[in-house]
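Thank you all for making the time this morning. I would like to walk through a few local features, and I will say as I go what each term stands for.

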Amino acid sequence: MTANAAGDSILIVDFGSQVTQLIARRVREAGVYCEIVPFQSASAALDRLAPKGIILSGSPAGVPEENSPRAPQALFDSGLPILGICYGQQVMSHQLGGTVEAGGQDGERGGEFGRAFLTVTEPCALFDGLWQVGERHQVWMSHGDKVTAFAPGFRIVATSDGAPFAVIADEARHYYGTQFHPEVVHTPDGARLLANFVHRVCGVTGDWSMAGYREAKVAEIREAVGDGKVICGLSGGVDSSVAAILIHEAIGSQLTCVLVDHGLLRLNEREQVESLFRDHYNIPLVVVDAEERFMAGLAGVTDPEAKRKFIGGEFIAVFEEQAAKLGGADFLAQGTLYPDVIESVSFTGGPSATIKSHHNVGGLPERMNMKLVEPLRELFKDEVRVLGKELGLDEQFVGRHPFPGPGLAIRIPGEVTKERCDILRKADAVYLDEIRNAGLYDAIWQAFAVLLPVRTVGVMGDARTYDSVCALRAVTSVDGMTADVYPFDAAFLSRCATRIINEVAGINRVVYDYTSKPPGTIEWE
């Protein structure tokens, strides 16, 4: 999105925190557009976006460490309001003349982790209409280092037992720093504190809307694509469908959608997508029957990353073949979301542990001959649903649970075969049917079945069975970055198990996954 299209906005400078994306969520919840950029490119983003304010994120690094990241001087020279969070407070204090010391000195652990309570000592614009002097409030801390001398111009406005500079303010320059994390839910008033910063301090009105985003993206797509042709890969999920409909609004017949039936879709998914795009939206759609091709390539493959890489690469190969048949295409459209990018890319630019590659991020081969169009790349999942409704998509379709690009392949630990996919498809359909019958579908972020590479002994009638184990997964979440287990009652789970075992040949045992995220991921692979 261009700066003009975004209007009033906030620039979030990322130093590698695992929760930076939550800052963006809170700012957008306040009706303000924002973008996250790594600290290395913050100067360029400042010029491009022309924001009304800047937020500096936390970081796993420590300011006293050698070669730890710093904020570009251009941010402080801009004259804009700045809010530093945790590491952001520390690096701002250090660069403006204060002192930051490492925790754990003199044999002590140092720092402050988890729930803490601060005391408001002076009034501050961040606290307007929210916190009063003398009050104590719960916040969430996660820091080892701490500010021991604040920079000239700052004053202390709140303290905690482990952070004497819990909140600092230089209201002449509109600089603020919090040692705690207002972006996480464990700071109950955190969203309102951030809203105070963007509205009261930065003066942003909070009129950013999905209608505005839609209009801006349509204009951006038209400018980027010109008279080129776009091919869009449909996975059957909400993300790729919303992306396709948005792009079609922008360029019409220049778009052709391709649904690759790789044998990894949910039950009846191919038919549902064909009906939606051909009958309802009249969007050109090519359906490629590629099940045999994908199953042959997945034969013998058991490593999760290898599965994802193969599926991503094979998708692109299919798209390029279809583009050639269509007379050539200049762009490939995908439904990539913010969490996809955040989990797959290190914003620090250095080595990072790959949790999992997303097929539409980490799985793209370097040889790909088309440019990417990713109109949802700045959005979180719930924002995509809002955009889908804005585009006129049926609410039942928009509200569907997330479905991964690699499809059922990452819900079958071990080798993927047609037989195992067919078994899982049926079990998953039964499970979701029970969830809908119980009126629980919309209360759950994501629910699905997993077919384990384990066989167990069972008894059906008078016969011994030796069949597969099916695991059921259901979680609640806001954005997919963290998740809690959905607390089904035992009677519901018993009904699901009974139906699956009775109706799906090849399964004789059902278990329920009680793991939250973290430490687990939502998907099994």
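Predicted model: local features only at pLDDT ≥ 70, side-chain atom pairs only at ≥ 80, totals over all residues.

Let me begin with helix 5, where Tyr87, Gly88, Gln89, Gln90, Val91, Met92 and Ser93 are buried, buried being under 20% relative accessible area, exposed over 50% and partly exposed in between, with a 1.4 Å probe and protein chains only. Residues are numbered from 1 along each chain as its sequence is written, and side-chain values use heavy atoms, with hydrogens and water left out.

Helix 5 spans residues 87–95 and is mostly covered, with 7 of its 9 residues buried; helices here are DSSP runs of H or I, at least four residues, and strands are runs of E, at least two, numbered from the N terminus. Just after helix 5 comes Gly97, with a positive phi of about 110°.

Turning to the cysteines, the structure holds 0 disulfides, a disulfide being a pair of cysteine sulfur atoms within 2.5 Å. For Cys86, the nearest cysteine sulfur belongs to Cys124 and is 18 Å away, and Cys86 is buried at a relative accessible area of 5%.

Finally, Thr256 lies in strand 13, residues 255–261, and counts as buried because its relative accessibility is 14%. Beyond its neighbours within four places in sequence, Thr256 is in contact (heavy atoms within 4.5 Å) with Val230, Ile231, Cys232, Pro284, Val286 and Leu326.
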